[in-house]
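Me: Hello! I would like to learn how to read a protein structure step by step. Could you take me through this one?

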Amino acid sequence: MEGSAGSAGGAQDGRRNQKLRTRRALVDAAAELLREGRAVTIADVAETARVSPATAYRYFSSPQELIRETRTLLRSPDVTADLPSDPAGRVDAVVSRVADMQLANEPAWRAMLGASLERYFQQTDGQEERFPTRSRNRLDLSRAALDPLAATLPPDALRRLTMALTLVYGVEALVSTRDVCDLEPEEAKNVMRWAAGALLDAALRESTEG
């Protein structure tokens, strides 16, 4: 009896591990398609992962769901690692690192933005409160960059600067600089850096003049 129970447990663990491997293979395949700038469909992901479309649909009901899950695979190492001590250097480092990461995988980040927007419209019509469709990672990065100013800027001024900084980099800024302004990647990055620095300078100037 004990042997039978052990065999059953081992079989269950095997099936669980197989499911995890299949799910990871599908996510890896979606990330590969995104890096190549190709549209993500369940059929193409299944083919790349070498599983049947029916199997893929058992794990992910839509391409948008798959795209959202690839987000962690497309991130670079910790953006806030080894930041300088001065606020200007910290802000410039965070904005530069995020820009480098996203411009290097531009099709993937555009697809993730599209998936987030699609998720907004998939929420129930008439719903009183729509759930956030984007993560707050960029807001956390802005807070980390500006952390040394907590002791010098008034709370309201620091909050306004944090929110304003969050507007001038990231995937929306990528789309604006690349599509609306028609900038090449390096110039797009430099415009984001300049805008971030200008916001910081304005906030510091206001605090000293006040």
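Reply: Gladly! Let's begin with surface: accessible areas come from the Shrake-Rupley method, which uses a 1.4 Å probe. By that method the protein chain exposes about 12,500 Å², and carbon and sulfur atoms supply 52% of this area. Please keep in mind that we are looking at a predicted model.

Me: What does the secondary structure of the protein chain come to?

Reply: The count is 10 helices and 0 strands. Read from the N terminus on, the elements run α-α-α-α-α-α-α-α-α-α.

Me: What percentage of the residues in the protein chain is buried?

Reply: A residue is called buried when its relative accessible area is under 20%, and exposed when it is over 50%. Of the 210 residues in the protein chain, 37% are buried. Taking contacts between residues at least 6 apart in sequence, 63% join residues at least 24 apart.

Me: How many residues does helix 5 have, and how many of them are buried?

Reply: Helix 5 is mostly covered, with 13 of its 18 residues buried. You can check its length as well: from first C-alpha to last, helix 5 reaches 26 Å, close to the 26 Å expected at 1.5 Å a residue.

Me: What span should helix 8 have at 1.5 Å a residue?

Reply: Helix 8 covers residues 155-167, and its 13 residues should span 18 Å. The C-alpha atoms at its ends are 19 Å apart, which agrees.

Me: Which residues of helix 8 are buried?

Reply: They are Ala 157, Leu 158, Leu 161, Thr 162, Leu 165 and Thr 166. These residues lie on the same side of helix 8, because they cover an arc of only 165° around the axis. On the face turned away from that buried side you find the exposed residues Asp 156, Arg 159, Arg 160 and Leu 167.

Me: What covers the buried residues of helix 8?

Reply: The cover includes helix 5 (87-104), helix 7 (137-146) and helix 10 (185-209). Let's zoom in on one residue. Thr 162, in helix 8, has a relative accessible area of 6%, so it counts as buried. Leaving aside neighbours within four places in sequence, Thr 162 is in contact with Leu 139, Ser 142, Arg 143 and Leu 146.

Me: Where is Ala 173, and is Ala 173 buried or exposed?

Reply: Ala 173 sits in helix 9, residues 171-180. With a relative accessible area of 8%, Ala 173 is buried. Not counting residues up to four places away in sequence, Ala 173 touches Leu 167, Val 168 and Met 192. The pair Ala 173 and Met 192 shows how sequence and space can be read side by side: they are 19 residues apart in sequence, and their C-alpha atoms are 7.5 Å apart.

Me: Now for charges. How many salt bridges does the count come to?

Reply: The general idea first: side chains of opposite charge can pair when their charged atoms come close. Here the count comes to 9 salt bridges. One of them joins the side chains of Asp 92 and Arg 193, at 2.7 Å from N to O. Asp 92 lies in helix 5 and Arg 193 in helix 10, so this pair ties together parts that are 101 residues apart in sequence. Asp 92 is partly exposed at 27% relative accessibility, and Arg 193 is partly exposed at 30%.

Me: Which residue forms a salt bridge with Arg 110?

Reply: The partner is Glu 106, and the closest N and O atoms are 3.0 Å apart. Both residues belong to helix 6 (residues 106-122), where being 4 residues apart separates them by about one helical turn. Arg 110 counts as partly exposed at 27% relative accessibility, whereas Glu 106 counts as buried at 11%.

Me: What is the distance between the closest N and O atoms of Glu 106 and Arg 178?

Reply: It is 3.1 Å, and the two residues form a salt bridge. Glu 106 lies in helix 6 and Arg 178 in helix 9, so the pair ties together parts that are 72 residues apart in sequence.

Notes:
Residues are numbered from 1 along each chain as its sequence is written. This is a predicted model: local features need pLDDT of at least 70, side-chain atom pairs count only at pLDDT 80 or more; totals for chains, interfaces and linings use all residues. Side-chain values use heavy atoms; hydrogens and water are left out. Helices (H or I, at least four residues) and strands (E, at least two) are DSSP runs, numbered from the N terminus. Buried means under 20% relative accessible area, exposed over 50%, partly exposed in between (1.4 Å probe, protein chains only). Contact means heavy atoms within 4.5 Å. The expected span of a helix is 1.5 Å times one less than its number of residues. The arc is that of the directions from the helix axis to the C-beta atoms. A salt bridge is a side-chain nitrogen of Lys or Arg within 4 Å of a carboxyl oxygen of Asp or Glu.
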